[in-house]
Amino acid sequence: LLWNSWVNVRKGPNGHIFTSEDENEVTGAVKRNRVEMKAVSGRKDLNGALADWWEKMEMLIRVAYYKTLKDPLPDGRKFSVVHAAAGCDGCPPGVLHFAMKIEAKKCEEPDEDKNLPLHIAALAPPYIRQNFEKTYGSRIEILIKKYPEASKKKNEKGELCLHIALKSGKTWDTGIKKLLKAEPRAIKIKDKSVGLYPFMLAAVGNTVMSKEEKRLFATSRARSKYTKSCWNEFDEDYQREEIDNILMKDKVMELDTVYRLLLAAPTLVKSAIPKQDSETRYLLNDNKILRQKLKDLSTKVSDMRRKENLEKKDYEKKVRFEDEELKYPFAEYSEPEPEIEEDISEVESYLIRDMLEGKEEKSKKTEKFKKFYMSRARRFFRFLKFGKKKQKNKYYT
């Protein structure tokens, strides 16, 4: 309200508020204020009423972003009007544009969490512009124009501005297109905190706001289309229908963002299929080892059961044998009679004699065979030596 009363609104003689974006239609104090703001290039140029007005603006921005008026800020944080204007909910983009004129280098400096103003603006919800406000573009667009290198830098969590913007529900037309134009390589970089590609983050949607917060935001957007009196004249059904239409458009824009991201990098569909990580590989190998151990144990158990069965069978046989002995006992051992002993000795002596005679006969036969084969061999060798000379002899042939 303080910003619009200084830049966009003027009061008539009857207290009626006139609004206009055209410089020719704005007269009086508002036109003079805009001229003074254009001439500012640093904090040294703030003088008089403009300095007092900006001091009030900084105090409101501090409370809105840091939630306190204490100076210094708690937890050792330092106040930066550029960072606060980039992330303040409901802060017009014109405030950020003017703050960057006063502190131009702040857009290149990270805060305590290593977030640049572009990271903060990517996380903040989009500003709902009123009909009478001057257009400056979105906060993301303003920061990229001033410092495009911020789109290539990561914060403390390893997130790019594109990742943060997609997580906060930004669509193709509300900042994603500008971020990709500043850093096209970001479309193929995974978000380290989640492990998802940009098109996946767009498919997940806004994870910062709850369903109730999304509906409240859609309500404020629906009310901004009409004046307060006109909105109050609508019945509840029409108001609900307007809010539902905005929510439906948001879902369509989310799908459109996913489509455009995939269209820009279609190869990510294949590469986004998750591969086996080191943990899954370790678990699979461990599972194989455990299965092999289970097999070994099962074979051991089966062997033990077989042994038990065999032992049972042997034990049963022994028991049966003992039972048979009890039923049919053997005759007691008695020493052989002397006559039987004489017969046994005679048989043994006969067998020994027969074996010796057989050996003598075998040795005689072998000597005969040796003499026969030796004579044949001698004839053969003689033929080899003298056969060629005697071939001419007719008697020999």
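Predicted model: local features only at pLDDT ≥ 70, side-chain atom pairs only at ≥ 80, totals over all residues.

Is E183 buried or exposed? With a relative accessible area of 5%, E183 is buried, where buried means under 20% relative accessible area, exposed means over 50%, and partly exposed lies in between, computed with a 1.4 Å probe on protein chains only. Residues are numbered from 1 along each chain as its sequence is written, and side-chain values use heavy atoms, with hydrogens and water left out.

The partner of E183 is R185, in a salt bridge whose closest N and O atoms are 2.8 Å apart, the term meaning a side-chain nitrogen of Lys or Arg within 4 Å of a carboxyl oxygen of Asp or Glu. R185, at 58% relative accessibility, counts as exposed.

The structure holds 15 salt bridges, and shared partners join R43, E58 and E103 into one network. E103 and R43 meet at 2.8 Å, N to O; because E103 lies in the loop between helix 5 and helix 6 and R43 in the loop between helix 2 and helix 3, the pair ties together parts 60 residues apart in sequence. Helices here are DSSP runs of H or I, at least four residues, numbered from the N terminus.

Turning to helix 2, residues 29-39, its buried residues are V30, N33, R34 and M37. Seen down the helix axis, these fall within an arc of 100°, taken from the directions from the axis to the C-beta atoms, so they line one face of helix 2. The face turned away from that buried side carries the exposed residues V35 and A39.

Note on methods:
Helix = DSSP H or I, 4+ residues; strand = E, 2+ residues; numbered from the N terminus.
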